[in-house]
Amino acid sequence: IADSITSGAIANTPAFEAKRASSDQSVGDNAYTKVQFNTEVFDTDSAYDNSTNYRFQPQVAGKYFVYASVIGNSQADANLQEIRTVIYKNGSFGRSTLTDFRNNYARTKNQDIQAIIDMNGSSDYLEIYTRINDTSGTPKIDYDSDGTYFGAYRILT
C-alpha cells in the first residue's frame, strides 16, 4: 500500500487498517452505533485512534480511498432483518450501504462499503457506523479477525 503511484509519484500515505479483534461488540437494535475497530494492522502516520475515538484523522490533504467491512450478527437463525453500514465524515452521515432481507431474514451478514473521500488534512476525520435491525433485539458486531475491518489510504493530493 505504501508504494508510490507512478503517475503522480506520491506515496499512498497516510494509510491504515484496523480490525475488530478479541471480542464481539454489542449494539442496540436498529440504532446507529460507532464500530470500535480496536486493533491496528498498520498505521503509517499514527492517524488512526484505536482506543478512544476509533477514527481516522490524517494530517495530509488529499483524496482517500476508504473501505470497511462489518459482520452483523443477530445471534439466531432468521432474525436479521436489515443492516446498514455508513462512512461518517466529521460526525455526519455520509456514504452508506444497505442490505434489507425483507421476509427472508438471515443470521449474519458481512456488509462492505468503500468510497473516495476528500480530506482537508487538518480537521477532517472518518468513522464507521452500523445499524443492525433484528427481530430478537440483541444484535452484535462479530470480532472475526479478518471480517470486520476499516482502512484508508491517500490516492491523490
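Arg107 is partly exposed, with a relative accessible area of 36%. In this predicted model, the side chain of Arg107 meets that of Asp77 in a salt bridge, 3.3 Å from N to O. Asp77 sits in the loop between β7 (62-73) and β8, while Arg107 sits in the loop between β9 and β10, so this pair ties together parts that are 30 residues apart in sequence. Asp77 itself is exposed, at a relative accessible area of 58%.

**Other salt bridges**

- A search of the whole structure turns up 9 salt bridges.
- One of them joins the side chains of Lys140 and Asp24, at 2.6 Å from N to O. This pair links distant parts of the chain, 116 residues apart: Lys140 belongs to strand β12 (residues 140-141), and Asp24 to the loop between β3 and β4 (25-26).
- Lys140 is buried, with a relative accessible area of 17%, whereas Asp24 is partly exposed at 31%.
- Arg102 and Asp100 also form a salt bridge, and their closest N and O atoms are 3.2 Å apart. Asp100 is partly exposed, with a relative accessible area of 33%.

**Strand β8 and its partners**

- Is strand β8 (residues 80-89) largely enclosed or open? Of its 10 residues, 9 are buried, so the rest of the structure largely encloses the strand.
- On one pairing, β8 runs antiparallel to strand β11 (residues 126-134) over 9 bridges. Here Lys89 stands opposite Leu126 in β11.
- β8 is also joined to strand β9 (residues 96-100), by 5 bridges and again in the antiparallel sense. In this pairing, Ile83 stands opposite Thr99 in β9.
- β8 and β9 make a hairpin with 6 residues between them, and Asn90 is in the turn.

**Backbone features to look for**

- Most residues other than glycine have a negative phi, and most peptide bonds are trans.
- Asn90, in the loop between β8 and β9, has a positive phi near 55°. Asn90 is partly exposed, with a relative accessible area of 33%.
- Arg102 has a positive phi near 45° and lies in the loop between β9 and β10 (108-119). Arg102 is exposed, with a relative accessible area of 61%.
- Thr13 and Pro14 are joined by a cis peptide bond, with omega about 0°. Pro14 is in the loop between β2 (10-11) and β3 (15-19).

Key:
Residues are numbered from 1 along each chain as its sequence is written. This is a predicted model: local features need pLDDT of at least 70, side-chain atom pairs count only at pLDDT 80 or more; totals for chains, interfaces and linings use all residues. Side-chain values use heavy atoms; hydrogens and water are left out. Buried means under 20% relative accessible area, exposed over 50%, partly exposed in between (1.4 Å probe, protein chains only). Helices (H or I, at least four residues) and strands (E, at least two) are DSSP runs, numbered from the N terminus. Two strands pair if DSSP finds at least two bridges between them. A salt bridge is a side-chain nitrogen of Lys or Arg within 4 Å of a carboxyl oxygen of Asp or Glu.
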